[in-house]
Amino acid sequence: MSLFLRSIKNVKKLHFRSIATNSSYAAKPLLTVDLTKPPFEQPIPLHNRWHPDIPPIVSVKPGEIFRVECVDWTGGQIQNSDIADDVKNVDLTQIHYLTGPIEVNGAKPGDVLIVDILDVGPLARCMWGFTGIFDHANGGGFLTDYYKEARKAIWDFSGIYATSRHIEGVRFAGLTHPGLIGCAPSQKLLDQWNRREQELISSHQCKNKSHIVAQPPQEKGSLLGTIDRQSSLWKRVANEGARTIPPREHGGNCDIKNISRGSKIYFPVYVDGARLSVGDIHFSQGDGEISFCGAIEMSGYVDMHIQVMKDGMNKLKMKNPLFQPGPVEPRYSKCVTFQGISVDDNGKQYFLDANVAYMQACLSAIRYLTRFGYTEEQAYLILSAAPIEGRISSIVDIPNACCTLTLPTDIFSFDIQPEAIPETKAR
């Protein structure tokens, strides 16, 4: 046997040995929620702020396999109904509700927490989810300047598929994933977040701009796990705790749809025990989650396996998490791809602005779908919830960045290829 083949054989042995230890896993129920109760009455303490002083509610050992359940990110504020008043009036000071923190025994600052996502899905007692367009005055979304009023679509789950009574003619397989997962920040890192985001807010306000660019700590709506609400600690943590809205160095609200079954995530550890939290479970999502409430949001479960890489942050030269996607992903053979460049609807030129370019790609897809009978708002919701692919295709060809949005046409029950539009049929 050649040295090359012998080396490959040894690698395979190592690979399969590491998998075999977990091949017949049975995830033990670790944290369970009650969907009949509001977040502050749950049988397990939840939290909706990031702070190192929020105590862990349970501990696990490296190598353990366990299941945690999560309420939807709004804590049950959105109902399975045909009106969008609940989306319009949702209290965004409360979001996102997280299950945890989970202490990992032996994890120390500078280590890396390795999280295998073994399974993720909806709770059997709640087989539906929702997608919404937030009101312009209450959160908005990526295209909030175009779509200002609240809208909602309810989706029903049947196995791996989702359909909606509010958007006919669409059925697709979900790439189910936790939208929000991460470890607790250190006090030093938390202070950095708060300082830099407040500087951004102050700079923006000096320019008299109307858009909200960041959400600072806010006592209103805070839920802080097991901390006594009457204590001075609660007040301090509530006024320091970072909002869960953005992704940051620790992970957080990344909304990466490919962190699904079979994926592996490497998180930097900043505090003793890592203190992992998870929530915001999505049945499906398009790249960008463009309407903000843009995935199919749901209550769900996550099965995880935990390991610790000692001194991992130094070994991996890590500042932000990294992940390896799993093998599970919907595959569609027919698609239409829409291109956008960094020139807005008014013809204003921007310099290599991928944000403007992706916005233009989204608008092109929305306007295209109206030719097949959908309203622009329905099309917006489709692009938010369905497994679309968004890419930066070019970021060097001055002055225009080029972004693309690829929409699978197989998710529709009728033909939406360009030739299917009556006026464009070839003669």
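## The cavity

This is a predicted model, and it holds one cavity of 30 Å³ or more. The volume of the largest cavity comes to about 40 Å³. Rolling a probe the size of a water molecule over the atoms is what shows where empty space is left.

Which residues line the largest cavity? They are His47, Arg49, Trp50, His51, Ile54, Pro101, Ala184, Arg275 and Ser277.

## A nonpolar patch on the surface

Moving to the outside, you will find a nonpolar surface patch formed by Ile392, Ile395 and Val396. Together these residues have about 290 Å² of accessible area.

Is valine 396 buried or exposed? With a relative accessible area of 62%, valine 396 is above the 50% cut-off and therefore counts as exposed.

## Salt bridges

The count of salt bridges comes to 19. One of them pairs lysine 108 with aspartate 272, with 3.9 Å between the closest N and O atoms. Lysine 108 sits in the loop between strand 6 (98–104) and strand 7 (112–122), and aspartate 272 in the loop between strand 16 (264–268) and strand 17 (276–282), so this pair ties together parts that are 164 residues apart in sequence. Both partners are partly exposed: lysine 108 has a relative accessible area of 41%, and aspartate 272 has 42%.

Another salt bridge joins arginine 151 to glutamate 149, and here the closest N and O atoms are 3.4 Å apart. How accessible are the two partners? Arginine 151 is partly exposed at 30% relative accessibility, whereas glutamate 149 is exposed, with a relative accessible area of 52%.

Aspartate 345 forms a salt bridge with arginine 367, and their closest N and O atoms are 2.7 Å apart. This pair links distant parts of the chain, 22 residues apart: aspartate 345 is in the loop between strand 21 (335–341) and helix 6 (354–369), while arginine 367 is in helix 6. Aspartate 345 counts as partly exposed at 37% relative accessibility, and arginine 367 is partly exposed as well, at 35%.

Salt bridges can also share partners, and in this way Asp53, Arg236 and Glu240 are joined into one network.

Leucine 98 has its place in strand 6. Its relative accessible area is 0%, so leucine 98 is buried. How far is leucine 98 from serine 284 in space? Their C-alpha atoms are 19 Å apart, and in sequence the two residues are 186 residues apart.

Threonine 409 lies in the segment after strand 23. Threonine 409 is also buried, with a relative accessible area of 5%; the cut-off for buried is under 20%. Along the chain, threonine 409 and serine 333 are 76 residues apart, and their C-alpha atoms are separated by 8.4 Å.

Methods
Residues numbered from 1 in each chain as written. Predicted model: local features only at pLDDT ≥ 70, side-chain atom pairs only at ≥ 80, totals over all residues. Heavy atoms only, no water. 1 Å grid on protein atoms, 1.4 Å probe; cavity = no way out; pocket = protein on both sides within 12 Å on 5 of 7 lines; lining within 4 Å. Points joined across faces, edges and corners; volume = space filled by probe spheres on them. Patch = residues over 30% accessible without salt bridge, like charges linked within 9 Å, V, L, I, M, F, W, Y side chains within 5 Å. Areas by Shrake-Rupley, 256 points an atom, 1.4 Å probe, with all protein chains shown as cover. Salt bridge = Lys/Arg side-chain N within 4 Å of Asp/Glu carboxyl O. Buried < 20%, exposed > 50% of the residue type's maximum accessible area, 1.4 Å probe, protein only. Helix = DSSP H or I, 4+ residues; strand = E, 2+ residues; numbered from the N terminus.
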